[in-house]
Amino acid sequence: MLSVLTEGDEMIDDSEQYLVYASDYRLNVDGDEPLGPISAEVVAEAKTTPEEKKKLFVCRFFNQNAFRHIALLAGAGTSVMCGGKIRDGLWDTCEEAIKDIGQFFPKKHEEFVGEKDIESFLSYAIQYEAINKNTKLAEFIGGVKRAIRQACTLTLSGRAHEEMMRKLTARKSTLPRVEIFTTNYDTLFEQAARNAGTIIIDGFSFWRRRTFSGRFFDLDIVDRERTRGKAEENYLPNVIHLHKLHGSLDWISDGDAVVQREVSDSEEPLIIYPSKDKYAESYDQPYFEMMARFQSVLRKKECLLIVAGYGFGDKHINSAIIEAVRQNPSFHLLILDFGGEVTKSSGRQMRAIDLELFQKVFTGIRSNITIIQGDFAGFVEAMPLNQAYRIEELVDSFANRGRGM
């Protein structure tokens, strides 16, 4: 049994497979649960499938909750649709280079092969090289790092990233800017912003030779013509803040400065590679500034953090989220779970939430945590645009299936 902390200290059976798990609503893979304020008769008449009920829940969630601050934490899972790799895939990509390193510690290497844990492997290899000062090993480690960089050099495909930006920024420009935090090195969000006409404030200067300074996050963009004669600024719409917690493929170190530009194969980008040292490295600039901004946002009133494609593998990030869940009474955590077991339902294959994954991170599922099963693209599709996507219209569209509509 899992101990799940809700308002009633409810205990649930961990054998139950869920598509949605929230304090006021449960949707199992068979779709047996009613959908909150929508009557069971309406749902039954529409003959909605479990996946459609989940879409209705997402729509209801955003329509009924007016969050002043919205932040998105995007992990490797959000890049998979564009060819990105999560942990196992990254190991397979670097397998040849990993074999070269394995000859230096064959017995230990066998343990890593079984688990495909590239973070632990790279940590061990780096520490081994630091002790033994082996030039050849250092070259092989460099080969793994190059393979990681190549695996993260991605071209945007599909519309999920672009639609996510469009929907997140489709709200009053007088509200605080939406904050995107990502552990990914790729430039998919930057590419999506360019396609969507979204302006990114990312901590870099606005002049040529873009140089990083945390003060640039405190600047904003207003329409001066419309602002004149008014008591308050007329903020330009379609602006977001982007924070890359582990660095970016287009960042380099140039003397004492961090500069953003296209990086050639001969240059080393400024990124935190997957190793046990990343927690310590996160205290260096510019990563420390990004992390401080992340913690600051989570402490604000009426804050929603959407977690997508992140596997809760980074201690320093987890600590900030756990503190917000426990200490900020108006904070809400929405987790998009793209993993879990595969279950048969209505003749279809559907993944369901593995609550044990989150039990390892949190002491329990609290009333300010909502978990939704599904991939990034499906979640973005279900999100309403500017709170104008009416649930009744969505139900009608499901009910009219097969009627030529």
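What volume does the largest cavity have? I looked this up before anything else.

The model is predicted, so I note the limits: local features need pLDDT of at least 70, side-chain atom pairs count only at pLDDT 80 or more, and totals for chains, interfaces and linings use all residues. Residues are numbered from 1 along each chain as its sequence is written, and side-chain values use heavy atoms, leaving out hydrogens and water.

Entry on cavities. I take a cavity as a set of points, on a 1 Å grid over the protein atoms alone, where a 1.4 Å probe fits but cannot get out; lining residues have an atom within 4 Å of a point. A volume is the space filled by probe spheres set on the points, which are joined across faces, edges and corners. I searched the whole structure and found 2 cavities of 30 Å³ or more.

The largest cavity has a volume of about 70 Å³. Its lining includes Thr169, Arg171, Pro176 and Asn238. By class I count 4 nonpolar, 3 polar and 3 charged residues there.

The second largest cavity holds about 40 Å³. Among the residues lining this second cavity are Glu190, Asp202, Trp251 and Met290. That lining divides into 4 nonpolar, 1 polar and 3 charged residues. For the classes, Asp, Glu, Lys and Arg are charged, Ala, Val, Leu, Ile, Met, Phe, Trp, Tyr, Cys and Pro are nonpolar, and the others, Gly among them, are polar.

Entry on the whole protein. I find 405 residues, of which 51% count as buried, meaning under 20% relative accessible area (1.4 Å probe, protein chains only).

Key:
1 Å grid on protein atoms, 1.4 Å probe; cavity = no way out; pocket = protein on both sides within 12 Å on 5 of 7 lines; lining within 4 Å. Buried < 20%, exposed > 50% of the residue type's maximum accessible area, 1.4 Å probe, protein only.
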